[in-house]
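Q: Could we go through this structure together, beginning with the overall fold and then turning to individual residues?

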Amino acid sequence: MDLRETLPPKGSFYKLVVELHQTQQKASLLYEDSGVTRASGMITKVYSKDNRRFLQLDTGLEIPIDQIYALNGLFSSDYSEC
């Protein structure tokens with residue numbers, strides 16, 4: 001049986017994003033951008049804009065944290081693609 005680690009319902013990736021940023025660990029993620037999109041890199045910035053939280057990767061890509069489906073093997077509870 002396949003098992004995957006998931007956030008609790010209505011959970012957020014914010015704490016993990018901050019931890020990865022502070023410890024300078026690589027982030028590998030799936031997020032919503034007109035379909036499921038992959039990205040990876042070092043998180044260089046965590047910030048709020050227009051009442052939303054974002055992360056910025058070393059590639060310059062900015063991603064709303066509430067659009068993340070999976071981060072370093074941890075999935076949102078409502079993501080069912082895999």
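A: The answers below take up the sheet, its hairpins, the helix, a pocket and several single residues.

Q: What kind of model is this?
A: This is a predicted model.

Q: What is the strand order in the open sheet?
A: The sheet has seven strands in the order β1-β7-β6-β2-β3-β4-β5. Its pairing is mixed.

Q: And which are the edge strands?
A: They are β1, residues 5-6, and β5, residues 62-64. Each of these pairs on one side only.

Q: What holds paired strands together in general?
A: Strands of a sheet pair through backbone hydrogen bonds, in a parallel or an antiparallel arrangement.

Q: Take β3 and β4, then: how many bridges join them?
A: Six bridges join β3 to β4, and the two strands run antiparallel.

Q: Is Asn51 buried or exposed, and why?
A: Asn51 counts as exposed because its relative accessible area is 86%, and the cut-off for that class is over 50%.

Q: How many residues separate β4 and β5 in their hairpin?
A: Four residues lie between them, and Gly60 in the turn has a positive phi of about 95°.

Q: Back to Gln56: buried or exposed?
A: Gln56, found in strand β4, is buried, because its relative accessible area is 18% and the limit for that class is under 20%.

Q: Which residues does Gln56 touch?
A: Leaving aside residues up to four places away in sequence, Gln56 touches Met42, Ile43, Thr44, Lys45, Tyr47, Leu61 and Glu62. Glu62 is also the residue that Gln56 stands opposite in β5.

Q: Changing topic, which strands does helix α1 lie across?
A: Helix α1, residues 14-23, lies across β2, β3, β4, β6 and β7. The helix runs at about 85° to β3.

Q: What about Ser34, where does it lie?
A: Ser34 lies in the loop between β2 and β3. The phi of Ser34 is near 60°, a positive value in a residue other than glycine. Ser34 counts as exposed because its relative accessibility is 79%.

Q: And Ser76, is that one buried or exposed?
A: Ser76 is buried, because its relative accessibility is 9%. Ser76 is found in the segment after β7. Apart from residues up to four places away in sequence, Ser76 touches Arg4, Thr6, Leu7, Phe13, Ile68 and Tyr69.

Q: On to pockets: what is the volume of the largest pocket?
A: The volume of the largest pocket is about 350 Å³.

Q: Which lining residues lie nearest its centre?
A: Among the 18 residues of the lining, Lys10, Gly11, Ser12, Asp66 and Ile68 lie nearest the centre of the largest pocket. Ile68 is also one of the residues that Ser76 touches.

Q: How does that lining divide by class?
A: The lining of the largest pocket has eight nonpolar, five polar and five charged residues.

Terms used:
Residues numbered from 1 in each chain as written. Predicted model: local features only at pLDDT ≥ 70, side-chain atom pairs only at ≥ 80, totals over all residues. Heavy atoms only, no water. Pairing = 2+ DSSP bridges. Contact = heavy atoms within 4.5 Å. Axes fitted to C-alpha atoms, helices over the stretch in contact; angles between N-to-C directions. 1 Å grid on protein atoms, 1.4 Å probe; cavity = no way out; pocket = protein on both sides within 12 Å on 5 of 7 lines; lining within 4 Å. Points joined across faces, edges and corners; volume = space filled by probe spheres on them. Nonpolar A, V, L, I, M, F, W, Y, C, P; charged D, E, K, R; others polar. Buried < 20%, exposed > 50% of the residue type's maximum accessible area, 1.4 Å probe, protein only.
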